Each structure stands twice: as structure tokens, then as C-alpha cells.
Amino acid sequence: MVQTTFEEISAADFFYRNRDIAGFTNPSRAIFAAVRELVENSLDAAESLKMPPDIYVRLSFEGEAGKESQIYRLRVEDNGIGVPPRHIPSAFGQVLFGSKYKLKQQRGTFGLGGKMAILYGQITTHQPACIISSTGASKAYMYKLMIDIQRNRPLILDRKVRINKEQWRGTIVEFCLEGDYFRAMPKILEYFKQTAMVNPYANLTFVDPKGRLYKFTSVTKEMPDPPKETLPHPYGVDVELLQRLIQVTPYKNMLEFLRHHFHRVGEITARKFLEFSNISPSKNPKKLSHGEIVRLMRMLKRFREFLPPDAGCLSPVGEELLRVGILKELKPEFVAVHQRKPSTYAGHPFIIEVGIAYGGEIPKKGSFLIYRFANRIPLLYDEASDVSVKVINSMNWRRYKVTPDMPIAVSVHICSTKVPYKTVGKEFIADRPEVKREVANGLREVARRLQRFLTRREHVDRERKRLGIFSKYLPKIAQFSAQLAGKEKQPDIKKLLRSVEKFAA
Amino acid sequence: MPRRRYKSSIIERRKEVLTGLENLGVRIYEQLDRGYFPSIEMPSRSTENIYYDPQVRQFILGDKRVRRSARNIRHIRPFTQLVWTAFFSHELASQRKTSTLRDVYYSAQAYEMSFKDQQESNNIITDLETVLGSSREDFNIFPEERSAIFGDLTIEYTVPDYEGRTLNLTSHPDGVMIGPALTSSEFVKTTADKVIAIEKGGLFTRFIEENVHKKFNAILVLTAGQAPRATRHFVRRLNRELNLPVYIFTDGDPWGMHIAMVMISGSANAAHLRELATPDAKWSGVWATDIVNYKLPTDPLDEVDVKRLYELQKDPRYKDPLWQREIKMFLKIRRKAEQEAFSRYGLTYIVDKYLPAKLEETK
């Protein structure tokens with residue numbers, strides 16, 4: 001829908017009219033979405049350098065806006081890669097700028113980064129955004145800009161260059177927007193906490209409008225490998241993507257076109273496919289009619305001999321980091337994590353990672369705490385509709401000695417070049433059978449480990465209790481029998497106590 | 001197993017109990033001292049180990065034994081409680097103090113030996129009885145329930161402060177309570193030539209008022225329902241030490257009949273103990289045949305009564321023809337009568353007519 005209207009109205013105009021689908025539904029959702037978009041941009045910016053992200057977020061109160069909303073100033077600073085000066089206006093003032101015709105596991109819901117947030121801020125407050133960025137070179141650049149919504153072009157109001165003696169690198173975005181922080185507060189704080197969980201190498205600092213400081217400190221320097229860009233897999237393409245590829249391709253025949261724009265398609269596969277679909281290898285892709293493109297898409301999906309997509313381009317959190325993150329944010333007594341082998345759905349590779357945490361500071365609520373993540377961002381809305389929740393609810397937990405009244409937190413992370421969101425809201429994962437199966441298998445694995453832990457602990461508890469009983473009663477037997485027998489000295493029971501301790505060890 | 005004695009020897013008996021308790025202490029002490037988990041063996045009191053012994057004419061425990069070991073995690077708590085109870089009983093007996101079952105339950109808490117409930121402490125006391133083969137009254141633990149005695153019997157106290165003092169059991173018109181002091185007293189002299197045990201307090205008082213003790217030369221004992229063990233033991237002593245025949249009068253129903261039977265042949269619950277039963281005692285009434293012969297006012301037997309009769313019919317203690325005959329009669333007439341039923345013929349009828357007739361009949 002987004003892409004088909006692309007040509008007709010400006011992208012900025014489109015989002016202006018349809019801001020609901022980007023998550024800016026109401027003042028409370030909007031402020032949450034703005035924080036989230038910018039933080040995710042910053043995380044990506046740091047990770048692309050393999051630098052542990054250090055992100056500072058501040059929301060400050062600017063004034064009343066309406067009955068249930070206020071004007072806030074949002075400032076987000078990061079230590080990321082920085083934006084080259086000539087790209088700054090477009091990167092922050094032009095929607096859909098820089099969209100690539102390649103696929104990559106990425107965080108942002110629409111790949112729009114903060115642009116949507118800035119656009120929303122401009123719509124609600126009519127104030128320019130201020131961007132400061134440096135790539136670590138000798139100069140830092142400051143832009144004050146607005147977005148020309150009709151033309152989808154940045155309007156530069158001010159531009160300053162400053163000597164960057166300390167070689168600071170990163171980006172600062174600051175703008176005003178309307179929102180309802182106090183209603184959004186629980187979600188925002190939950191968002192930081194969960195972001196810290198799957199990014200345990202990141203330092204996150206948040207100062208809220210009341211001046212309260214929330215700090216999420218990194219506990220490791222280890223980072224997952226950044227995701228790599230990859231070509232689209234033939235099973236996963238649609239007509240729109242084909243059209244765009246045809247528009248930009250430098251290749252003049254179908255054979256070359258297939259070989260160079262699709263994932264895991266080599267010369268042999270390409271030839272076999274062209275034969276299968278009855279298309280001439282020498283046909284110029286730019287000459288394909290609309291009908292032929294539709295047919296090509298159908299044939300691509302029907303051909304059984306494409307190799308499955310390679311998950312090498314994905315960047316899962318990794319078992320160790322997930323464990324560290326869960327330990328850091330939930331402080332449980334026990335945690336088990338498991339990464340499934342890569343799998344695919346409809347031509348898109350994906351990896352499921354699950355964690356189960358028990359006890360410690362996890363509260364008992366009568367049901368499990370469920371944390372859902374997609375491409376290392378937390379999903380906070382529409383929990384009940386998510387595939388993970390469905391899998392969790394349908395599992396026979398009793399089999400694993402687990403009951404809902406136990407203090408248990410379950411985390412499920414899916415990473416993919418295309419996360420199978422169910423709706424445009426992009427807050428929950430659809431229950432595609434492939435995904436469902438992977439989630440279920442992952443959960444079974446960690447549940448088994450939890451069961452082992454619980455059994456072992458039960459055993460230790462029993463032994464401790466046993467030892468307690470012996471050390472409570474044996475001295476009394478000694479005391480009373482000595483008195484009864486008229487002995488001065490009590491018998492020595494240390495040896496007996498030691499012998500029961502031996503069982504306990 | 002305690003030796004049978006027909007002559008009273010309260011002091012010797014107490015010494016024996018004290019020694020028994022001390023020996024138990026020594027046994028456990030020595031096991032501990034040698035580095036073993038102590039254990040105690042005792043006859044099993046489970047129902048499959050309870051037999052009726054026609055020779056002794058009471059229930060006895062069979063050969064099956066159980067072992068309580070401090071090594072066993074499920075045994076160590078009751079084991080400790082048993083050792084404590086032995087220790088506590090020894091204190092009681094050696095200081096010649098008495099205690100009740102309830103008292104024991106609370107005293108335990110002073111030693112951080114809390115029992116879950118009264119039932120648990122009662123069970124442990126029963127264990128100790130089984131281990132030592134003597135009843136808890138011997139180590140000065142008494143139940144709450146009390147019954148009474150009246151008649152020309154002079155006793156001599158052995159309890160502290162009363163030692164050597166004597167009392168004639170006619171000295172109080174309500175009768176004298178059969179408590180720890182009386183139970184542990186020695187018999188001095190009596191002119192009575194029989195014992196009459198009565199189930200109900202009303203009739204006991206009537207008998208005293210009507211001078212039954214004089215008219216029939218009898219010692220009257222109130223069992224107050226099912227006779228307490230102290231009372232059963234006391235009646236046995238009257239029978240064995242003074243050679244007095246014992247006649248038991250109860251209500252004319254299966255429950256009254258069984259009150260008499262427990263005094264005669266003992267109960268399954270006390271199968272680990274001897275010297276509670278009086279096998280030569282007689283059940284003198286009210287029989288089912290009495291109900292018919294004396295045309296007593298009656299109530300119908302209800303369902304539980306009938307069920308109980310069928311149970312008793314199969315009970316080995318009831319195999320004597322008299323009992324079988326009466327059970328059959330009850331089942332035939334399907335009626336029961338209380339002792340008070342005789343009042344329809346006037347207040348003194350029971351004393352003037354019924355009692356002499358029955359004493360003669362069951363002699």
C-alpha cells in the first residue's frame with residue numbers, strides 16, 4: 001500500500017495522512033513511538049561501527065497543548081557512526097530517502113528511522129528540528145530544518161559548522177512534539193528495560209520530564225555481528241519489488257538480472273528457472289510488460305529448485321548475550337536460553353531465540369511474564385495476539401513441572417530480513433506455521449532445562465530439609481537419653497551428623 | 001512383659017516402671033555413644049497383629065514387631081518424641097507427680113518438642129506403653145475422664161503428703177473419684193463380698209441412696225460410660241487382690257453390652273497392655289431377655305445399633321453362648337432398654353427385685 005501510492009502523492013504527505021499506521025495514533029502512543037524510533041536509529045548507528053551504543057534520551061516539558069496532551073522537547077544523543085554533512089538534510093528531512101533495493105535485518109518499523117517522529121513533531125508543534133552530527137572528523141555540523149510535506153523535501157532554516165576538536169562522533173536529534181508522557185510512561189520505561197535486555201552491551205540513559213534519571217548500564221563489551229545486507233530471495237519477492245529492481249538494474253538480459261539481484265541464484269539455477277518459466281535468457285528485463293512481470297513473480301514462487309535462503313545475513317542476539325541481558329534486567333535465580341537453527345518462511349530466513357527465567361526478582365503474577373522481541377526491538381503492544389503467546393498458552397507446562405503461579409519470564413526473539421508482522425501496526429508476530437514450530441521447539445528446549453533445574457533444586461531442598469531434621473532431633477535424643485540414663489556427659493553425635501551430611505553432598 | 005501379680009505392691013511396681021524407663025534411656029544412650037543411629041523395637045499395634053487370646057481372655061499383640069530408627073527421616077521425629085516422653089514420664093514418676101494427657105501435650109512445648117496435636121502426643125504415649133509393656137497410669141499419666149467408687153473399702157494412700165493416710169470409701173455420699181491417688185493406693189480392709197459396676201451416674205446414686213452397698217455387701221463402681229483404663233485396672237485389682245466377684249450392670253443395648261465386655265476382656269486398643277481386664281467379671285444386665293421377661297419400656301433399635309450387633313456377633317470375645325443368645329434376642333425383638341426403664345415399676349423395684357434376682361442368676 002505504501003509503495004503503490006509512492007508515485008502519486010509525496011511520501012511525507014502519505015505519512016502525514018496516515019500517521020496511525022506508523023504508530024502515532026494518539027498523544028500517548030506518539031511520544032512512545034518517537035522515543036522508540038530515535039533510540040533504534042541510534043542503536044543501529046552505533047552497531048554499524050561495532051561500537052557499544054551509548055544513548056542519552058531526555059524528554060523535557062515545554063508547555064500545555066490540549067486537555068490531555070503537552071508539548072515536550074525530545075533530545076536523543078548517540079555515539080553512532082554519524083551522518084556525512086551533505087546527507088543530513090535528506091536523512092532527517094525527506095521521507096524514504098536512502099531506501100535501498102536490498103534486504104537487511106533492521107530495527108525500525110518502516111525503515112523510516114526518526115523521520116516519521118520529526119514529521120509528527122512538526123505537524124503538532126510547527127517547530128523545526130535541530131540535528132547535530134559528526135562522523136568523528138574535524139568538523140561537526142548543525143542543521144535546523146523542517147520538512148516540506150507536499151514536496152517531501154527538507155527546508156534548511158539554519159546551518160552551522162563547528163570545529164570538532166575532541167573528535168566527537170555521533171548524532172544529536174532534538175525537536176518538539178505533542179504527547180502524553182504520563183500515560184505513556186509505563187510503556188516507555190518498559191521499552192528501555194526490554195531494550196536493555198536484548199542489547200546488554202548498550203548504555204541507555206533516560207531523563208524524564210520530572211527530571212527522574214533512569215540508567216541502564218551495559219554489562220558486556222561483546223556485541224553480535226551486525227546484520228549484512230542481502231539480496232531478496234526469489235520466493236519472497238512481490239510485483240512492486242520486481243518493478244523497482246527492473247527500474248534500477250544495469251543488466252540487459254534476464255539471465256544476468258536473475259543472477260545479480262536475487263539471493264542464492266547462480267547461473268545454473270537461473271538457466272533452469274528461465275527454462276521452467278519459458279522466458280528467454282536474453283530478454284531485456286526493462287522490456288517486460290506488466291503482465292509478464294506478474295507472471296514472473298508467480299513463476300518465481302512456483303519453481304521448486306531455488307536454494308533455501310541463507311541466514312548468514314541475520315544478526316541474532318546470541319545465546320550468551322541474551323542470557324546476560326536477561327540476568328541483568330530480570331535478576332532471576334535461573335535462566336536458560338536457546339537459539340534455534342536458521343529456518344525460512346516464504347523465502348525469508350529467520351532465527352528464533354528463546355529464554356526462560358525463573359525466580360529471583362521475577363514477580364509471581366499467576367501467569368508468565370512474556371517478553372517479545374523482533375530484530376532486537378521489544379514488542380510492547382497486542383501481546384495476546386502474538387504467536388509466542390499462543391504457543392506458550394498451548395504448551396503443556398505441567399510436563400515440565402511448571403505451573404502458572406511460578407515466577408517465570410519467557411522471552412522470544414525473532415530476527416529476520418522480514419519479520420512476519422500480522423498487521424501494519426507491527427506489534428505482534430503472525431502465527432505462520434514455520435515460525436510457530438520454531439518457537440515451540442525452542443520453548444520446549446528451555447522448558448526442559450528449567451525442569452532439570454527445578455528437579456535438582458527440589459532435591460537439594462529436600463536434602464537440606466533432611467539435614468535440618470537430623471540436626472534438630474539428634475541433639476535432643478542425646479540430651480533426653482543422657483538424662484534418662486542418668487549420665488553426666490552427653491553422647492557424641494557429631495559423627496552421626498557428619499554421616500547424614502555425606503548423603504546431602 | 002509384666003509378670004502377673006495378685007497381691008498389690010504399688011511401690012515395687014513404681015520402681016519397676018522407673019527402671020524400665022531408665023533402661024530405655026541407657027539403651028539409646030549407648031547406641032548413640034557407639035556412633036550408631038539409635039533404634040527401638042516394639043510389638044506392632046497394627047490391626048493385623050492384634051489377636052484374641054482365649055487363654056488370657058483378652059486381645060493381645062502377635063509376634064510382629066516394628067523398629068523405630070533415628071536414621072529414618074520419617075521416624076526421627078516420633079523417635080525423639082518417644083525419648084522425650086520417656087524422660088518426662090521418668091521425671092513425673094520419680095517426683096511422684098501426676099499429669100494428664102493434655103498436660104503432656106503442653107509440657108512438650110517447654111522442651112521445644114511440640115506435638116502437632118493431642119492425638120500425636122497420645123500416640124507417642126501409647127508407643128511408650130508398648131515399649132515398656134506397662135500402662136501410662138504406671139508412669140503417672142492419666143486421662144481426663146474420671147469415674148467413681150463407693151463402698152466399705154479402706155485404702156491407704158501412697159501419694160506424697162497422703163502417704164500412710166487411710167480412707168474409707170463410704171466417707172462421701174457421692175462416691176470417691178477414681179483418680180491417680182486412689183489408683184495407686186493399697187487396700188487395707190473391706191467387709192464387702194462383691195463389686196457392682198454400674199454404667200450410669202443416676203443409677204449409681206440411686207444405689208447409694210438405697211443402701212445397696214449394705215443390703216448386698218457390695219462395693220459400687222461407676223464406670224460413667226465406657227470405663228476408663230484406671231477404673232478397669234482398679235476393678236481388676238479388687239477382683240484379683242481381694243477376690244471379690246464383679247457384676248456389671250449396663251443399659252440393655254449393644255453399647256452397654258460392650259461396656260461390660262471391655263471390662264471383662266479388654267479392648268483392641270489396649271492389646272499391648274495386660275492387667276486391665278477382669279476376665280471373671282459377669283455381665284448381669286440389662287439383657288435382651290430381661291427386656292422380655294420384665295416387660296420393660298423400650299425404644300426400637302436403630303440402624304447403627306443393628307449394625308453394631310452384627311459386628312459383635314462375629315467378635316471372638318462374644319463367642320460364649322450367653323452373649324450369642326443375647327445378641328440373637330436383641331436382633332429378634334429389635335428393641336433396647338435403658339437401666340432407668342425399671343422405674344416404671346417404682347423407684348426401688350430395681351434394687352428390691354431385679355438386682356437380687358440377677359446377682360443370683362449370674363453368680
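**Close-up views of a predicted two-chain model**

**Figure 1. Overall make-up of chain A.** Chain A contains 13 helices and 14 strands, where helices (H or I, at least four residues) and strands (E, at least two) are DSSP runs, numbered from the N terminus. The model is predicted: local features need pLDDT of at least 70, side-chain atom pairs count only at pLDDT 80 or more, and totals for chains, interfaces and linings use all residues, while side-chain values use heavy atoms, with hydrogens and water left out. Residues are numbered from 1 along each chain as its sequence is written, and chains are lettered from A and ligands numbered from 1 in the order in which they are written. The C-alpha trace of chain A spans about 110 × 65 × 45 Å along its principal axes. Of the 505 residues in chain A, 54% are buried; buried means under 20% relative accessible area, exposed over 50%, and partly exposed in between (1.4 Å probe, protein chains only). Among contacts in chain A with a separation of 6 or more, 74% are made by residues 24 or more positions apart, contact meaning heavy atoms within 4.5 Å. Chain A exposes about 23300 Å², and carbon and sulfur atoms supply 50% of that area; accessible areas come from the Shrake-Rupley method with a 1.4 Å probe, and for residues only the protein chains shown count as cover.

**Figure 2. Overall make-up of chain B.** The secondary structure of chain B consists of 13 helices and 17 strands. Its radius of gyration is 22 Å, close to the 21 Å that the globule rule gives for 363 residues, so chain B is as compact as a globular protein of that length. This radius is taken over C-alpha atoms, and the globule rule is 2.2 Å times the number of residues to the power 0.38. Along the principal axes, the C-alpha trace of chain B extends over about 75 × 45 × 35 Å. Buried residues account for 58% of the 363 residues of chain B.

**Figure 3. The contact between chain A and chain B.** The contact draws 24 residues from chain A and 27 residues from chain B. Together the two chains bury about 2300 Å², 77% of it on carbon and sulfur atoms; buried area is the accessible area (1.4 Å probe) that two parts lose on being put together, summed over both. A:Ile477, A:Phe480 and A:Leu484 supply 31% of the area that chain A buries against chain B, more than any other three residues.

**Figure 4. The loop at A:Lys487.** A:Lys487 is placed in the loop between α12 (433–485) and α13 (494–504) of chain A. With 34% relative accessibility, A:Lys487 counts as partly exposed. Apart from its neighbours within four places in sequence, A:Lys487 is in contact with A:Ala482 and B:Tyr29. A:Asp238 lies 249 residues from A:Lys487 in sequence and 94 Å from it in space, C-alpha to C-alpha.

**Figure 5. Helix α6 of chain B and its cover.** In helix α6 (residues 201–209) of chain B, the residues B:Leu203, B:Phe204, B:Arg206, B:Phe207 and B:Ile208 are buried. An α-helix has 3.6 residues a turn, so residues three or four places apart point the same way. The cover over the buried residues of α6(B) includes β7 (147–150), β12 (194–198), α7 (212–215), β13 (218–222) and α13 (349–361) of chain B. Just after α6(B), B:Asn211 adopts a positive phi of about 60 degrees.

Figure 6. Most residues other than glycine have a negative phi, and most peptide bonds are trans. A:Lys331, although not a glycine, has a positive phi of about 45 degrees; A:Lys331 lies in the loop between α10 (319–330) and β9 (334–339) of chain A and is partly exposed at 43% relative accessibility. A:Lys401, also not a glycine, has a positive phi of about 60 degrees. The loop that holds A:Lys401 runs between α11 (387–394) and β14 (408–416) of chain A, and A:Lys401 is partly exposed at 35% relative accessibility. B:Val286 belongs to the loop between β15 (282–285) and α10 (288–293) of chain B.

**Figure 7. The surroundings of B:Arg229.** B:Arg229 is part of helix α8 (residues 229–242) of chain B and is buried, with a relative accessible area of 12%. Not counting residues up to four places away in sequence, B:Arg229 touches B:Glu129, B:Ser135, B:Arg136, B:Glu137, B:Leu273 and B:Leu276.
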